[in-house]
Amino acid sequence: AESILLSNNKNIYEPEVDPLDDTNPSMSLRPAALERRVGQPISGWRRALGLISLLAAVGFTLATVWLLLTPQEESAAIPPTQIVSQAATATIAPVVDVPTTIPATSAPGVTVDGQQIAQLPTIDPAQAAVLLATPIGAQTIANSMRIENSVANPFTTIPDRPRNEIIQYQVQRGDTINKIAELFGLKPETIAWSNERRIIQVLREGDLVNIPPVDGVLITAIGTQNTIASLAAQYAITDPMIVIESEFNNLKGLSPESVPPSGIQIFFPGGVAEQISWNPEVVREEGGGGAGGSSGGFISFAPGEAGSCGRVANPGGGGSWVRPVDAYTVTRGFSGFHTGIDLSAPEGTPVKAANGGRVIFAGWNSYGYGYTVVLAHGPFTTLYGHLSQIYVGCGADVAPGQTIAGVGNTGNSSGAHLHFEIRYNDAASDPSATIPF
């Protein structure tokens with residue numbers, strides 16, 4: 001009925017999309033009814049061709065199934081299972097040295113296109129097993145260039161040669177001169193002698209600090225009449241040519257009698273400048289009778305040092321001030337980098353307490369003072385350095401003028417003398433302003 005309708009009246013059925021359109025993805029095969037609609041019936045030779053193709057496909061499928069099901073002849077080669085069995089049952093004796101020359105056995109002859117091929121060398125199966133069982137050793141290449149990455153610190157590069165120039169370091173929060181010196185493998189004095197002396201008392205975050213390559217003294221010439229020879233002698237260098245020829249300086253062409261240009265930096269490797277008095281840490285605590293700087297508080301001087309008495313009750317201020325040494329010669333006064341006064345006297349000369357107080361430090365001090373005694377007097381402290389003997393112990397109460405030690409030459413000292421300091425609330429002050437010397 002459908003074919004009659006399509007052939008007699010084409011206006012009865014008109015789809016929106018022509019099913020014969022090649023762009024229609026839903027029509028891959030054309031129905032016979034639609035072929036007849038356009039007046040092109042399927043011919044007989046097409047049907048015959050389709051039947052032949054179908055028969056060929058069936059025949060190919062049957063041939064494939066037959067080949068898969070037909071058993072094959074066994075190969076003359078040794079089955080894999082047999083090879084595995086032989087390797088598993090072979091006994092491998094421990095071998096320390098593998099022979100460098102492996103004897104060859106004859107392989108079966110091989111004929112290719114009627115020509116005899118030369119026999120290829122082979123080895124005994126046991127020897128092959130030994131070689132396979134020998135661990136692979138690491139190979140070291142002589143004089144090889146190698147760069148290794150450090151997992152612990154992948155961004156640190158250690159130079160192959162020493163630094164030969166003066167650099168600047170920016171002070172970080174918590175830095176001290178001792179920490180900076182340790183960081184660059186230098187003495188604290190080298191850092192102090194190569195910068196403004198005020199850093200000894202105040203080291204501020206952000207300061208740029210000169211860092212010499214080795215220990216010594218760095219100065220800036222100011223255009224005086226001082227020759228290189230006189231400057232070298234001033235910093236304890238006997239041969240001025242050491243300074244002129246140093247790779248750290250730019251003094252080529254100058255002589256020991258030359259006056260260096262003003263503004264030029266000169267480094268004296270191994271040089272020594274003035275003695276420096278360092279400031280150990282002082283800790284004050286409130287307690288008992290009032291603030292830490294007054295009677296009743298607690299005080300610690302250089303905690304952690306061998307001579308420190310630890311946390312000691314502060315007894316408060318004493319009476320009148322007296323000179324710590326009766327007979328003396330003032331060899332160095334108070335300055336921004338020398339926090340006390342040096343009183344020269346024979347070794348063993350009695351050292352007296354300058355005021356009444358309590359011993360808060362008695363022993364060796366690693367800040368350059370050598371054997372040291374420190375007394376607390378309320379907001380004041382007094383320090384007695386470079387001693388030869390100490391006659392008082394931690395926590396002892398002393399009266400003004402009481403002998404507490406003997407003059408010595410210990411620590412950073414160039415001769416027998418007493419280094420004497422007076423500090424008010426732990427800030428160094430000029431002793432001459434309190435006691436007339």
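These legends go with close-up views of a predicted model.

**View 1. The disulfide between Cys-309 and Cys-394.**
Here's the one spot where two cysteines are joined: the model has a count of 1 disulfide, and the S to S distance is 2.0 Å. The link ties together distant parts of the chain, with the two cysteines 85 residues apart. Cys-309 sits in the loop between strand 8 (298-301) and strand 9 (312-313), while Cys-394 sits in the loop between strand 16 (387-390) and strand 17 (397-398). Look along the S-S bond and you'll find a torsion of about -80°, so this disulfide is left-handed.

Cys-309 has a relative accessibility of 18%, and because the cut-off for buried is under 20%, Cys-309 counts as buried. Cys-394 comes out at 44%, which makes it partly exposed.

**View 2. An open sheet of 3 strands, in the order 7-8-9.**
The pairing in this sheet is antiparallel. Strand 7 (282-285) and strand 9 are the edge strands; each has a single partner strand, so one side of each has no neighbour in the sheet. Zoom in on strand 8 and strand 9 and you'll see an antiparallel pair held over 2 bridges. Phe-298 is found opposite Ala-313 of strand 9.

**View 3. Helix 3, residues 44-69, lying largely in the open.**
As for cover, the number of buried residues in helix 3 is 0, so the helix lies largely in the open.

**View 4. A nonpolar surface patch with Val-58 among its members.**
Which residues make this patch of about 510 Å²? They are Leu-51, Leu-54, Leu-55, Val-58 and Leu-62. Val-58 belongs to helix 3 and is partly exposed, at a relative accessible area of 43%.

**View 5. Strand 11 (residues 341-344) and its pairing with strand 10 and strand 19.**
Strand 10 (residues 329-332) runs antiparallel to strand 11, and the two pair over 3 bridges. In this pairing, look for Arg-332 opposite Asp-342 of strand 11. Strand 11 also pairs with strand 19 (residues 417-424), again in the antiparallel sense, over 4 bridges. There, Leu-343 stands across from Leu-418 of strand 19.

How values were computed:
Residues are numbered from 1 along each chain as its sequence is written. This is a predicted model: local features need pLDDT of at least 70, side-chain atom pairs count only at pLDDT 80 or more; totals for chains, interfaces and linings use all residues. Side-chain values use heavy atoms; hydrogens and water are left out. A disulfide is a pair of cysteine sulfur atoms within 2.5 Å. Buried means under 20% relative accessible area, exposed over 50%, partly exposed in between (1.4 Å probe, protein chains only). Two strands pair if DSSP finds at least two bridges between them. Patches are made of residues with over 30% relative accessible area and no salt bridge: like charges are joined within 9 Å, nonpolar side chains (Val, Leu, Ile, Met, Phe, Trp, Tyr) within 5 Å. Accessible areas come from the Shrake-Rupley method with a 1.4 Å probe; for residues, only the protein chains shown count as cover. A salt bridge is a side-chain nitrogen of Lys or Arg within 4 Å of a carboxyl oxygen of Asp or Glu.
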